Amino acid sequence: MRLVNLESLKVDEILSQGIITDQGGILLRAQSQFKLSYKNRLLKCNSYEVYIDDAISKGIMPNEVIASNVRKCLNQHLSTQFTNIEKLMTIDVFKILPLASAILEELSHI
């Protein structure tokens, strides 16, 4: 199993883990074959990377440094902050501080 960015994902690759929405619904089941039509649904749910099973990663179980749900949440918040920076040309350090703290908290468990 290995983690692959959506931009690198090829049609018919096998998803090794299911994709769950923030509301707890199943977006894609484990062992689904990736189809190009899934890409927009994944992006709408802020899923930019997925785990796949392939010959390269056979027998490998990745050890995540930052849990995928935390990483997803951090990506959403950072994306929002960078959008604000682009629009307003200001940085609200009080909104970025909790994100940095969450990253450091996750890294401290290694």
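A: Start with a cut-off. A residue counts as buried under 20% relative accessible area, as exposed over 50%, and as partly exposed in between. R2 has a relative accessible area of 30%, so R2 is partly exposed. Keep in mind that this is a predicted model.

Now the charges. Side chains of opposite charge can pair when their charged atoms come close. The structure holds 2 salt bridges.

R2 belongs to one of them. Its partner is D54, and the closest N and O atoms are 2.6 Å apart. R2 sits in strand β1, while D54 is in the loop between β5 (49-53) and α2 (68-88).

E7 has a relative accessible area of 59%. That value is over 50%, so E7 counts as exposed.

Stay in the loop between β1 (2-5) and β2 (14-15), where D12 is also found. D12 is not a glycine, yet it has a positive phi of about 80°. Its relative accessible area is 42%, which means D12 is partly exposed. Q31 shows a positive phi too, about 75°, and it is not a glycine either. Q31 is in the loop between β4 (26-28) and α1 (38-44).

Next, the rings. A pair of aromatic rings is described by the distance of the centres and the angle of the planes. With centres required to lie within 6.5 Å, the count comes to 1 aromatic pair. F34 and Y38 form it, with 6.2 Å centre to centre and 75° between the planes. Planes over 60 degrees apart count as edge-to-face, so this pair is edge-to-face. F34 has 1% relative accessibility and counts as buried. Y38, at 17%, counts as buried as well.

Last, the surface. V65, L104 and L107 form a nonpolar patch there, with about 260 Å² of accessible area together. L107 is found in helix α3 (residues 93-107). Its relative accessible area is 35%, so L107 is partly exposed.

Note on methods:
Residues are numbered from 1 along each chain as its sequence is written. This is a predicted model: local features need pLDDT of at least 70, side-chain atom pairs count only at pLDDT 80 or more; totals for chains, interfaces and linings use all residues. Side-chain values use heavy atoms; hydrogens and water are left out. Patches are made of residues with over 30% relative accessible area and no salt bridge: like charges are joined within 9 Å, nonpolar side chains (Val, Leu, Ile, Met, Phe, Trp, Tyr) within 5 Å. Accessible areas come from the Shrake-Rupley method with a 1.4 Å probe; for residues, only the protein chains shown count as cover. A salt bridge is a side-chain nitrogen of Lys or Arg within 4 Å of a carboxyl oxygen of Asp or Glu. Helices (H or I, at least four residues) and strands (E, at least two) are DSSP runs, numbered from the N terminus. Buried means under 20% relative accessible area, exposed over 50%, partly exposed in between (1.4 Å probe, protein chains only). Rings of Phe, Tyr and Trp (its six-membered ring) pair if their centres lie within 6.5 Å; planes under 30 degrees apart count as stacked, over 60 as edge-to-face and the rest as tilted.
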